[in-house]
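Good morning, everyone, and thank you for making time for this.

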Amino acid sequence: MASVNGPSTPSILSADVTIEGNVTVNGELQLDGTIKGDVVCGELVMGEHGSVTGTVTADSATIRGNIKGEVKVRVLRVEKSAVINGDLYQESLSVEAGAKLTGRIADLSTVTRAAAKPAAE
């Protein structure tokens with residue numbers, strides 16, 4: 001896979017796209033389709049019709065769609081149309097009235113410390 005230096009254009013998955021498998025994007029991912037697998041990206045912008053069944057890991061995310069699984073995002077914005085069923089790990093969280101969250105909410109550092117502990121031993 002070729003690497004590109006500098007700013008890149010966002011990767012876009014439209015509403016008619018379904019992916020079964022993990023997705024990794026170095027930059028921004030605009031998601032209006034469905035992903036059945038884990039998502040790792042720099043920035044996630046999920047539309048109202050976007051859906052992920054799996055773990056979402058990103059530096060920042062704006063969620064308007066549905067997630068079933070863990071969310072590990074440094075700066076997380078959950079908008080009113082969002083439905084998240086899973087634990088949220090974040091450093092900064094903004095939730096609009098009307099969003100539906102089911103799961104635990106914890107600081108992202110708790111996951112980072114747990115992941116780093118075995119490596120230190």
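Let me start with a term: a salt bridge here is a side-chain nitrogen of Lys or Arg within 4 Å of a carboxyl oxygen of Asp or Glu. Please keep in mind that this is a predicted model, in which local features need pLDDT of at least 70 and side-chain atom pairs count only at pLDDT 80 or more, while totals for chains, interfaces and linings use all residues. Residues are numbered from 1 along each chain as its sequence is written, and side-chain values use heavy atoms, with hydrogens and water left out.

By the salt bridge rule, the count comes to six. Which residue does the side chain of glutamate 96 meet in a salt bridge? The partner is arginine 77, at 3.1 Å from N to O. Glutamate 96 lies in the loop between β11 (88-95) and β12, whereas arginine 77 belongs to strand β9, so this pair ties together parts that are 19 residues apart in sequence; strands are DSSP runs (E, at least two residues), numbered from the N terminus.

Arginine 77 also forms a salt bridge with glutamate 79, the closest N and O atoms being 2.8 Å apart, and glutamate 79 in turn meets arginine 64, again with 2.8 Å from N to O. That last pair links distant parts of the chain, 15 residues apart, with glutamate 79 in the loop between β9 (71-78) and β10 (83-85) and arginine 64 in the loop between β7 (56-63) and β8 (66-68). Through shared partners, salt bridges join Arg64, Arg77, Glu79 and Glu96 into one network.

Is glutamate 79 buried or exposed? With buried meaning under 20% relative accessible area, exposed over 50% and partly exposed in between (1.4 Å probe, protein chains only), glutamate 79 counts as buried at 13%. Arginine 64 at 26% is partly exposed, as is arginine 77 at 34%, and glutamate 96 at 28% is partly exposed too.

Let me turn now to the sheet. Six strands form an open sheet in the order β2-β4-β6-β8-β10-β12, with parallel pairing, where two strands pair if DSSP finds at least two bridges between them. The edges are β2 (18-20) and β12 (100-102), each with a single partner strand, so one side of each is left without a neighbour in the sheet. Three bridges join β2 to the parallel strand β4 (residues 34-36), and there isoleucine 19 stands opposite isoleucine 35.

Notes. Helices (H or I, at least four residues) and strands (E, at least two) are DSSP runs, numbered from the N terminus.
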